[in-house]
Amino acid sequence: MRNSLQAIALGSGIALKAKLRTKKGREKLNDLPLSPALTEQRADWTQLIEQLESRITHVEQELMKLAAEDDRVRRLRTHPGIGLLTLVWL
């Protein structure tokens with residue numbers, strides 16, 4: 001979805017790259033004058049990203065609760081490169 005939004009921005013002459021994830025970057029994207037089809041696509045992709053980010057945040061919060069209750073997970077999380085998602089499924 002982000003790649004599609006990047007393509008829309010690039011097609012309008014703007015390279016947002018990582019700025020697409022910032023408030024200012026999204027404002028720039030939303031300010032672009034686009035055709036009706038691209039305007040609808042931009043809105044759809046943006047809405048889907050927001051929904052997924054909300055769901056990811058919820059899942060991460062649940063994983064943090066599980067991790068807090070497990071001494072093995074707390075110890076293993078001290079190792080570089082070991083993430084919460086990997087550890088909870090041990």
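Ser-54 counts as partly exposed, at 47% relative accessibility. On that scale, buried means under 20% relative accessible area, exposed means over 50%, and partly exposed is in between, with a 1.4 Å probe and protein chains only. Ser-54 sits in helix α3. Helices here are DSSP runs of H or I with at least four residues, strands are runs of E with at least two, and both are numbered from the N terminus. Now look across to Pro-80. Ser-54 and Pro-80 are 26 residues apart in sequence, and their C-alpha atoms are 26 Å apart in space.

A word on what we are looking at. This is a predicted model, where local features need pLDDT of at least 70, side-chain atom pairs count only at pLDDT 80 or more, and totals for chains, interfaces and linings use all residues. Residues are numbered from 1 along each chain as its sequence is written, and side-chain values use heavy atoms, with hydrogens and water left out.

Stay on helix α3. Glu-60 is partly exposed, with a relative accessible area of 45%. From Glu-60 to Leu-20 is 40 residues in sequence and 22 Å in space, C-alpha to C-alpha. Leu-63 is another residue of α3. Leu-63 is buried, at a relative accessible area of 9%. Leu-63 and Ser-35 are 28 residues apart in sequence, yet 42 Å apart in space, again C-alpha to C-alpha.

Next, the whole chain. How many helices and strands does the protein have? Five helices and zero strands. From the N terminus, the elements run α-α-α-α-α. The radius of gyration is 18 Å, well over the 12 Å that the globule rule gives for 90 residues, so the protein is more spread out than a compact globule. That radius is taken over C-alpha atoms, and the rule is 2.2 Å times the number of residues to the power 0.38. Along its principal axes, the C-alpha trace spans about 55 × 20 × 20 Å. Of the 90 residues, 22% count as buried. The accessible surface comes to about 6,900 Å², and 57% of that belongs to carbon and sulfur atoms. Those areas come from the Shrake-Rupley method with a 1.4 Å probe; for residues, only the protein chains shown count as cover.

Contacts next. Contact means heavy atoms within 4.5 Å. Take the contacts between residues at least 6 apart in sequence: 29% of them join residues at least 24 apart.

Now the helix pair. Helix α1 covers residues 2–11 and helix α3 covers residues 36–68. They pack at an angle of about 145 degrees, with their axes 10 Å apart. Axes are lines fitted to C-alpha atoms, for helices over the stretch in contact, and angles run from 0 to 180 degrees between N-to-C directions. Which way does α1 cross α3, left-handed or right-handed? The crossing is left-handed. Left-handed means the near helix is turned anticlockwise from the far one by less than a right angle; clockwise would be right-handed.

Who makes the contact? From α1, Arg-2, Ser-4, Leu-5 and Ile-8. From α3, Leu-38, Gln-41, Arg-42, Trp-45, Thr-46, Ile-49 and Glu-53. By class, that contact has five nonpolar, three polar and three charged residues. Ala, Val, Leu, Ile, Met, Phe, Trp, Tyr, Cys and Pro count as nonpolar, Asp, Glu, Lys and Arg as charged, and the others, Gly among them, as polar.

Back to α1 itself. Gln-6 lies in that helix. Gln-6 counts as buried, at 16% relative accessibility. Beyond its neighbours within four places in sequence, Gln-6 is in contact with Leu-16, Lys-17, Ala-18 and Leu-20.

Lys-17 deserves a look of its own. Lys-17 is in the loop between α1 and α2, where α2 is 23–31. Most residues other than glycine have a negative phi. Phi of Lys-17 is near 45 degrees, a positive value in a residue other than glycine. Lys-17 counts as exposed, at 65% relative accessibility.

Thr-86 counts as exposed, at 53% relative accessibility. Thr-86 and Ala-37 are 49 residues apart along the chain, with 40 Å between their C-alpha atoms.
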